[in-house]
Amino acid sequence: MKKYKKHLLYTLLLVAIEILIAVFHFHPFIRGFVGDVLVIFLLYHFVSIFFSITSEILIIGVVLFSFGIELLQLAGISEAFDTTPHLLKVIIGTTFDPYDLIAYLLGGILLFGLQKFQKKRRKNE
């Protein structure tokens, strides 16, 4: 399977999982923490569809991007624009939570470890 197709498939699967988590209101830990860990994987695979970047740089970029969005929440970005569409508020979020930063970092660490494991496995084949 071509690389971009694999990333597209993972992106669609992760979007579906994130929607299920949001719609069915799983336990607050799943919704509030695991969902944020998974969003790092989602963003990684989404960006990988369009750009060929080393996994290490991409993971760092995705985590930093996520930190940036969280800091915009701290600054009250969603309140700054009264006309912000509801869907955009759901995607960006409206409330700063320092645990989200931990979730993003954990997602980056897990993704980094998974990528290293896959590279090692491919090398040994």
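Contacts in the protein chain, meaning heavy atoms within 4.5 Å, are taken here at a separation of 6 or more, and residues 24 or more positions apart account for 64% of them. The model is predicted, so local features need pLDDT of at least 70 and side-chain atom pairs count only at pLDDT 80 or more, while totals for chains, interfaces and linings use all residues. Residues are numbered from 1 along each chain as its sequence is written, and side-chain values use heavy atoms, with hydrogens and water left out.

**Composition**
- The protein chain has six helices and zero strands, which are DSSP runs (helices H or I, at least four residues; strands E, at least two) numbered from the N terminus.
- Of the 125 residues in the protein chain, 29% are buried, that is, under 20% relative accessible area with a 1.4 Å probe and protein chains only.

**Packing of α2 and α6**
- Helix α2 (residues 28-50) packs against helix α6 (residues 98-124) at an angle of about 50 degrees, with their axes 8 Å apart, the axes being lines fitted to C-alpha atoms over the stretch in contact and the angles running from 0 to 180 degrees between N-to-C directions.
- The residues that make this contact include F33, I40 and Y44 of α2 and Y104, L111 and Q115 of α6.

- Not counting residues up to four places away in sequence, L111 touches I40, F41, Y44 and I59.

Definitions and conventions: Buried < 20%, exposed > 50% of the residue type's maximum accessible area, 1.4 Å probe, protein only.
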